[in-house]
Amino acid sequence: MSNSPTADDLPMAHGQPPPPAPAAPDQTNAVREAIAQAIAEHRVILFMKGNPEAPACGFSARTVAALQSVGAPFAAVDVLPDPRIRAELSAISNWPTIPQLFVDGELVGGCDIVCEMYESGELEEAVR
Amino acid sequence: MGPLAPARLRRSTTLTVMPSSEEIKRRIESAIPGAEAHVEDYTGGGDHFRATVTAPAFAGRSRIEQHRLVYEVFGSEIGGPIHALSLKTQPPPPDR
């Protein structure tokens, strides 16, 4: 039924690092670089538990619902398959919890802030 | 992977090393000058908390920065023993 774009349509690698360079010296940095690249390449990107069709946590579910309510296309990365994704993401963002929404490369917030912004109308402005 | 598995096996009454709402309130209020916190354990399970915090330090800061000030009180406990700390932060209302 729904033809709106979903994260599954997007070329996300679900957090897997890009094909390693021949030496692949540091897996951790590869994960961090993959995260930074994903944030740079997608204007609106959500790091969450599970995926938008099947969120694995109530906070992720509420954040997805807020984004869908304002009709914002967004990329999504599931942090669950590899614990390094969450560790490196939090190191980059200085934010301890999941989900995390980035717009234009900047951390907007987690579930509380995104939901507050949804209620005040700011979210629609931010993702426009 | 391996080391994380045992904690998820089952609930045990012998493993209640969890912070209480009262303790979280006290720690926020003692770490952030002038802060007033209202904290509730909204699942009753001792690991999902919701806090409303008012503090002068929040004035002029973005929501992200306000929440970081509170998260910093707990460091790596967030996502660990404190599975979730849902926040609503605001500066105190201006004096009239």
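1. Let me start with A:Asn94, which is exposed, having 11 other C-beta atoms within 10 Å. For the terms: buried is 20 or more other C-beta atoms within 10 Å of a residue's own, exposed is 12 or fewer, partly exposed is in between, and the C-beta atoms are placed from the backbone. A:Asn94 sits in the loop between H3 and S5 of chain A, just after H3(A). Its phi is near 55°, a positive value in a residue other than glycine.

2. Before going on, some housekeeping. This is a predicted model, in which local features need pLDDT of at least 70 and side-chain atom pairs count only at pLDDT 80 or more, while totals for chains, interfaces and linings use all residues. Residues are numbered from 1 along each chain as its sequence is written, chains are lettered from A, and ligands are numbered from 1, in the order in which they are written.

3. A:Asp104 is another one to look at: its phi is near 55°, again a positive value in a residue other than glycine. A:Asp104 lies in the loop between S5 and S6 of chain A and is exposed, with 12 other C-beta atoms within 10 Å.

4. Back in the loop between H3 and S5 of chain A, have a look at A:Pro99. The peptide bond from A:Ile98 to A:Pro99 is cis, with omega near 10°. As for helix H3 of chain A (residues 83-93), A:Ile85, A:Arg86, A:Glu88 and A:Leu89 are buried there. In general, an α-helix has 3.6 residues a turn, so residues three or four places apart point the same way.

5. Now the sheet. In chain A, 4 strands make an open sheet with mixed pairing, in the order S4-S1-S5-S6; a pair needs at least two DSSP bridges between the strands. Strand S4 (75-78) and S6 of chain A are at the edges with a single partner strand each, so one side of each has no neighbour in the sheet. On average, neighbouring strands of this sheet are turned by 25° against each other, direction ignored.

6. Strand S1 (residues 44-48) of chain A runs parallel to S4(A), and 4 bridges join them. Within that pairing, A:Ile45 stands opposite A:Ala75 in S4(A). H4(A) packs on the sheet, touching strand S5 (100-103) and S6 of chain A, and its direction makes about 75° with that of S6(A). Such angles run from 0 to 180 degrees between N-to-C directions, with axes fitted to C-alpha atoms, for helices over the stretch in contact.

7. Which residues have the most contacts inside the largest nonpolar core? They are A:Ile45, A:Leu46 and A:Val114, in a core of 47 residues. A nonpolar core is a set of buried Ala, Val, Leu, Ile, Met, Phe, Trp, Tyr and Cys residues joined through C-beta atoms within 7 Å. Leaving out residues up to four places away in sequence, A:Ile45 touches A:Ala38, A:Ile39, A:Phe74, A:Ala75, A:Val77 and A:Phe102; contact means C-beta atoms, placed from the backbone, within 7 Å.

8. Finally, chain B. It has 2 helices and 3 strands, running α-β-β-α-β from the N terminus on. Of its 96 residues, 23% count as buried.

Methods
Contact = placed C-beta atoms within 7 Å.
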